[in-house]
Amino acid sequence: MRVLFVCLGNICRSPTAEGVLRHKLLQAGLAEQVEVASAGTSDWHVGKPPDARSQRAALARGYDLSAQRGQQARREDFARYDLILAMDQSNLRNLNALQPTGAKAELDLFLRRYEGAVDEVPDPYYDGDQGFEQVLDLIEQACDRLVIELKGRL
Ligand code: 4NP
């Protein structure tokens with residue numbers, strides 16, 4: 001199974017989701033069976049490490065994002081990944097436009113599928129520290145449910 005998380009810049013939300021899911025897969029003994037990656041709809045931060053505020057907030061909860069580097073989502077991703085999960089509606093619209101017809105990947109809004117109460121992970125880029133904590137709270141809850149789905153699908 002291959003899972004790709006997508007946000008706008010690939011320096012805040014989707015790298016956080018990548019780090020959280022990878023950690024939870026390790027804990028569940030599924031790390032070898034699921035490949036996790038992240039990308040941005042923009043090319044603004046290609047090659048860059050995650051935002052220092054995202055790294056700091058994630059590390060405080062045990063997730064090390066330091067090895068990740070920004071990349072842009074591509075049409076080919078729809079053939080490589082089984083599940084492509086967008087952080088907000090705008091990301092989803094951009095991915096819909098990129099998606100080739102008949103593509104293998106299932107495309108969805110991450111929280112609509114796994115969280116419930118809220119359906120977008122708010123962009124924390126222009127926020128204070130509280131925004132980054134909220135991103136982590138939402139992503140941790142949704143990743144717990146995603147791991148259950150992945151277990152069932154493997
Ligand atoms: P992300 O957050 O989409 O969660 O990575 C953002 C990062 C950078 C920018 C916007 C959102 N930016 O405008 O550069």
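Which residue lies over the face of Y81, and at what distance from the ring centre? The points below take up that question and then the rest of the model, which is predicted.

1. **Charge over Y81.** The residue is R80. R80 sits over the face of the Y81 ring, 5.9 Å from the ring centre.

2. **Charge over Y125.** R53 is placed over the face of Y125. Here the distance to the ring centre is 5.5 Å. Y125 also belongs to the set of residues around the ligand.

3. **Aromatic pairs.** The structure has 3 aromatic pairs. One of them joins F5 and F110: the ring centres are 5.1 Å apart and the planes stand at 70 degrees, so this pair is edge-to-face. The cut-off for that class is over 60 degrees.

4. **What the F5–F110 pair connects.** This pair links distant parts of the chain. F5 is in strand β1 (residues 2–7), while F110 is in helix α5 (residues 110–114). The two are 105 residues apart. Both F5 and F110 are buried.

5. **A pair inside helix α5.** F110 also pairs with Y114. The geometry is again edge-to-face, with 6.0 Å from centre to centre and 65 degrees between the planes. F110 and Y114 are 4 residues apart in helix α5, so about one helical turn separates them.

6. The cut-off is under 20%.

7. **The cluster.** Taken together, ring pairs join F5, F110 and Y114 into a cluster.

8. Which residues are around the ligand? They are C7, L8, G9, N10, I11, C12, R13, W44, H45, D123, Y125 and Y126. By class, this shell has 7 nonpolar, 3 polar and 2 charged residues.

9. A polar backbone atom of N10 is 3.2 Å from an oxygen atom of the ligand. For C12, a polar backbone atom is 2.9 Å from a ligand oxygen atom. R13 uses its side chain: an N or O atom there is 2.8 Å from an oxygen atom of the ligand.

10. **Cover.** How much of the ligand's accessible area does the protein cover? On its own, the ligand has 350 Å² of accessible area, and the protein covers 93% of that.

Note on methods: Residues numbered from 1 in each chain as written. Predicted model: local features only at pLDDT ≥ 70, side-chain atom pairs only at ≥ 80, totals over all residues. Heavy atoms only, no water. Phe/Tyr/Trp six-rings, centres within 6.5 Å; stacked < 30°, edge-to-face > 60°. Buried < 20%, exposed > 50% of the residue type's maximum accessible area, 1.4 Å probe, protein only. Lys NZ or Arg CZ within 6 Å of the ring centre and 35° of its normal. Near = heavy atom within 4 Å. Polar contact = N/O pair within 3.5 Å; in protein donor to acceptor, adjacent residues only side chain to side chain. Areas by Shrake-Rupley, 256 points an atom, 1.4 Å probe, with all protein chains shown as cover. Nonpolar A, V, L, I, M, F, W, Y, C, P; charged D, E, K, R; others polar.
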